[in-house]
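Colleague: I have a new model open and want to learn how to read it. Can we go through it feature by feature?

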Amino acid sequence: MTTSERINLHDLAPAQLSATVGEVVSPPFRAKQIEEWLHLRGASSFDAMTNIPKELRAQLAERFSAAFPEVIERTTPAADGSQKYLFVLEDGNRIESVYMPMTDRTSICLSSQAGCAVGCTFCVTGFFGAGRNLTPSEMTGQFFTIAHEHAVPMEQMNVVFMGMGEPLLNLDHVVTTLDVFYRSIAPKRITISTSGIIPGIEELAKLPRRPNLAVSINAPDQKRREEIMPITKKYPLGELIATLKRYPTEKGRELTAEYVLLAGWNDSISDAVALAKLLRGLNVKVNAIPFNEDANLPAWMKRPTDVAIDRFVSTLVRSGVHVTVRRSKGRDIAAACGQLRGKSEPRKRSRV
Ligand code: SAH
Ligand code: SF4
């Protein structure tokens with residue numbers, strides 16, 4: 001069997017994995033050991049499973065695979081330690097992930113699709129057009145590969161789905177991936193960022209265990225949001241805010257409203273006042289993200305000056321809004337997933 005004909009066990013949720021492996025191995029504790037190797041330790045080969053008899057490992061390798069995507073490039077660490085990874089998938093698609101160490105925790109930013117059909121005009125991934133949904137093994141694989149490379153203790157780990165793609169357009173695979181992560185990471189340490197796919201948010205709301213939800217708002221009104229996020233025509237801003245008002249946030253948690261700051265376009269004092277008004281009544285904090293410039297994006301899109309960023313943020317604060325700013329240069333690489341791949345690829349024109 002070739003790798004692609006074998007079932008990749010990392011594509012299965014924990015219960016499904018134990019049942020599938022249980023058909024091949026006995027006694028039952030062996031299936032449990034294998035599930036732990038895969039989901040808790042992120043093993044990517046059966047050979048690594050040292051407490052499993054050699055013959056059984058060989059049998060498993062004949063029927064199944066446990067492979068992860070391969071790293072083909074990693075940037076040198078930025079001043080704050082952040083590092084971007086480029087992975088190649090079995091079909092040749094390339095995706096990016098980012099390692100972000102912080103003092104009290106470490107975050108890994110994952111891609112959920114190889115491209116994005118949502119087509120926001122300020123985003124390099126959107127610029128390159130639609131790709132395909134990533135499988136669970138391609139998502140957990142980004143995480144475990146980077147976590148192993150840096151030997152980060154699991155209890156410090158945070159996961160953010162803020163890389164390439166729209167996670168709520170790949171919800172089934174993302175939910176399986178979450179179930180695997182929940183084996184070692186608490187839901188409150190995982191965040192899904194969406195461009196505002198209302199049916200996807202409603203599905204998330206029904207899950208018994210929910211990650212944090214971040215929504216890319218990016219403009220204070222329908223008209224301007226439509227200009228940079230065409231998805232706003234399908235899912236209007238007013239309906240999105242109403243959906244978020246109904247969203248059940250757990251005690252002690254809040255929603256995040258991401259807001260990409262574009263110089264002279266959505267960064268004025270009146271924009272901050274309008275944003276505060278739009279978000280009134282929501283249990284939300286704003287994450288202001290200074291725009292990350294890229295040669296593939298429209299030339300008029302610029303990062304605001306630090307003075308303009310401060311003015312915007314302090315206006316929000318004065319309006320009673322809880323706000324954080326993504327300031328460090330190293331961190332910027334996370335707000336610009338797609339740029340590493342973008343350097344070497346021609347553009348496909350396929351948007352929703
Ligand atoms: N598709 C999801 C998650 C991936 S994008 C979403 O849109 O939320 C993750 C974040 O990066 C979003 O908040 C998006 O607005 C932001 N982003 C995309 N391109 C950017 C750029 N060039 N500069 C700054 N932030 C950007
Ligand atoms: Fe897709 Fe998010 Fe980029 Fe928009 S910002 S194109 S939704 S990845």
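Modeller: Start with one term: two residues are in contact when heavy atoms lie within 4.5 Å. Keep in mind that this is a predicted model.

Colleague: What span should α12 have, and what is the distance between its end C-alpha atoms?

Modeller: Count 1.5 Å a residue. The 13 residues of α12, 306–318, should span 18 Å, and the end C-alpha atoms are 18 Å apart, which agrees. After the helix comes Gly320, with a positive phi near 85°.

Colleague: Now α1. Which of its residues are buried?

Modeller: Pro14, Leu17, Thr20 and Val21 are buried. Down the axis of α1, these residues fall within an arc of 125°, so they too line one face of their helix. They pack against α2, α3 (54–63), β2 (64–65) and α6 (171–181).

Colleague: How do I read a nonpolar core?

Modeller: The general idea: in soluble globular proteins, nonpolar side chains tend to be buried together. Here the largest nonpolar core has 80 residues. Phe143, Phe161, Ile217, Leu275, Val286 and Leu316 touch the most other members. Apart from that core lies another, of 17 residues, among them Val25, Met49, Leu56 and Phe64.

Colleague: Take Phe161. Which residues is Phe161 in contact with, leaving aside neighbours within four places in sequence?

Modeller: Its contacts include Leu110, Met139, Val174, Phe181 and Ile192.

Colleague: What should I expect of backbone angles?

Modeller: Most residues other than glycine have a negative phi, and most peptide bonds are trans. Now look at the exceptions. Ala151 is not a glycine, yet its phi is positive, about 50°. Asn218 also has a positive phi, near 65°. The peptide bond from Ser26 to Pro27 is cis, with omega near -5°. Pro27 lies in the loop between α1 (14–22) and α2 (28–40).

Colleague: Are Ala151 and Asn218 buried or exposed?

Modeller: Ala151 has 65% relative accessibility, so it counts as exposed. Asn218 has 2%, so it counts as buried. Ala151 lies in the loop between α5 (136–150) and β7 (157–161). Asn218 lies in the loop between β9 (212–216) and α8 (222–228).

Colleague: Where is Trp265 found?

Modeller: Trp265 is in the loop between β10 and α11. At 13% relative accessibility, Trp265 counts as buried. Beyond four places in sequence, Trp265 touches Asn218, Ala219, Arg224, Glu227, Ile228, Asp271 and Trp300. Arg63 is another matter: the C-alpha atoms of Trp265 and Arg63 are separated by 55 Å.

Colleague: Last, a ligand. Which residues surround ligand 2?

Modeller: Cys116, Val118, Gly119, Cys120, Cys123, Gly126, Gly165 and Ser195 do. Sort that shell by type: four are nonpolar, four polar and no residue is charged.

Notes
Residues numbered from 1 in each chain as written. Chains lettered and ligands numbered in written order. Predicted model: local features only at pLDDT ≥ 70, side-chain atom pairs only at ≥ 80, totals over all residues. Heavy atoms only, no water. Helix = DSSP H or I, 4+ residues; strand = E, 2+ residues; numbered from the N terminus. Expected span 1.5 Å × (residues − 1). Near = heavy atom within 4 Å. Nonpolar A, V, L, I, M, F, W, Y, C, P; charged D, E, K, R; others polar. Core = buried A, V, L, I, M, F, W, Y, C linked by side-chain atoms within 4.5 Å. Buried < 20%, exposed > 50% of the residue type's maximum accessible area, 1.4 Å probe, protein only. Arc of directions from axis to C-beta.
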